Amino acid sequence: MANRWRAAGSSLRAVLQNPSSGPQPPFSSFAAMYHTIQAIPREVTGNRVSVKDRAQGRIPAVVFSQQLNPTSAAARPVSRKHLLTTERKQIQAILKSVELPFFCSTRFPLQIRAGSGSSDLLESGNVIPIKIHRDEESGKILNLVFVWADEGSELKVDVPVVFKGEDVCPGLKKGGHLNKIRTSLKYLGPAEHIPTKIEVDVSNLDIGDRVFIPDVEVHPSMKLLSKNETMPICKIVATNLENPESARV
């Protein structure tokens, strides 16, 4: 298994370091191509066990199915809950290439093996990380939480907002300031249509201009979960203190 992880990492580095070697897949497909997360079952829980796992270079994790509005016990999907441990080096390699906050809005293939180095595959599927627990002082990852994200499954996900075009934005060139009001948007939709990120183009905005949530294009199957859809995502505000009204949202 260790050899398989090293081979995958080498392939990813080769692609990233040689972008001219041919057509490159989109950002989100790198995960599917090079980042099949390998995990093994964790039979025993508890703080002492988790500390031992971390000392051995592993990160405790859990994966389960998101149960959204089940109408009855019979209608509830099988939870498919598994207590796992993952390889710290592999998770760190993924975070270096995918980076936060996109890690928690990206689908990854997951393979659960019978044990370290085993070829016996117990279960596999696509997952999305929804939580990363870190040590407050060291920043080291303590635990990971995944949800199954196979095609057709409905998920709630916070999608990060990324702003582009700031270098050519007319309002910013005039000395304005980009007020980033929303840094993420929560959506409900099929796992296969959840975007890794929401790109907001500010290249044509002048001072006082705003971008609203309805201006964002996502797959029509994605439902926005927001209490205030009229709140702008961003606004170019004047920095001139003589006109404080222009700095208001």
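Student: What is the order of the three strands in the open sheet, and what pairing do they have?

Tutor: The order is 8-13-11, and the pairing is antiparallel. Keep in mind that this is a predicted model.

Student: Why are strand 8 and strand 11 said to stand at the edges?

Tutor: Strand 8 (177-180) and strand 11 (210-212) each have a single partner strand, so one side of each has no neighbour in the sheet. From one strand to the next, the twist averages 10°.

Student: How do you know that strand 11 pairs with strand 13?

Tutor: Pairing needs at least two bridges. Three bridges join strand 11 to strand 13 (residues 232-237).

Student: Which residue in strand 13 stands opposite Phe212?

Tutor: Pro232 does.

Student: What makes strand 4 mostly covered?

Tutor: A residue is buried when its relative accessible area is under 20%. In strand 4 (residues 108-113), five of the six residues are buried. Hence "mostly covered".

Student: How do you know that strand 4 pairs with strand 1?

Tutor: Count the bridges again. Three join strand 1 (residues 37-41) to strand 4, and the cut-off is at least two. So these strands pair, and they run parallel. Ile37 stands opposite Leu110 in strand 4.

Student: What makes strand 5 a partner of strand 4?

Tutor: Six bridges join strand 4 to strand 5 (residues 121-134). At least two are needed, so the strands pair. Their run is antiparallel. Within strand 5, Glu123 is the bridge partner of Ile112.

Notes
Residues numbered from 1 in each chain as written. Predicted model: local features only at pLDDT ≥ 70, side-chain atom pairs only at ≥ 80, totals over all residues. Heavy atoms only, no water. Helix = DSSP H or I, 4+ residues; strand = E, 2+ residues; numbered from the N terminus. Axes fitted to C-alpha atoms, helices over the stretch in contact; angles between N-to-C directions. Buried < 20%, exposed > 50% of the residue type's maximum accessible area, 1.4 Å probe, protein only.
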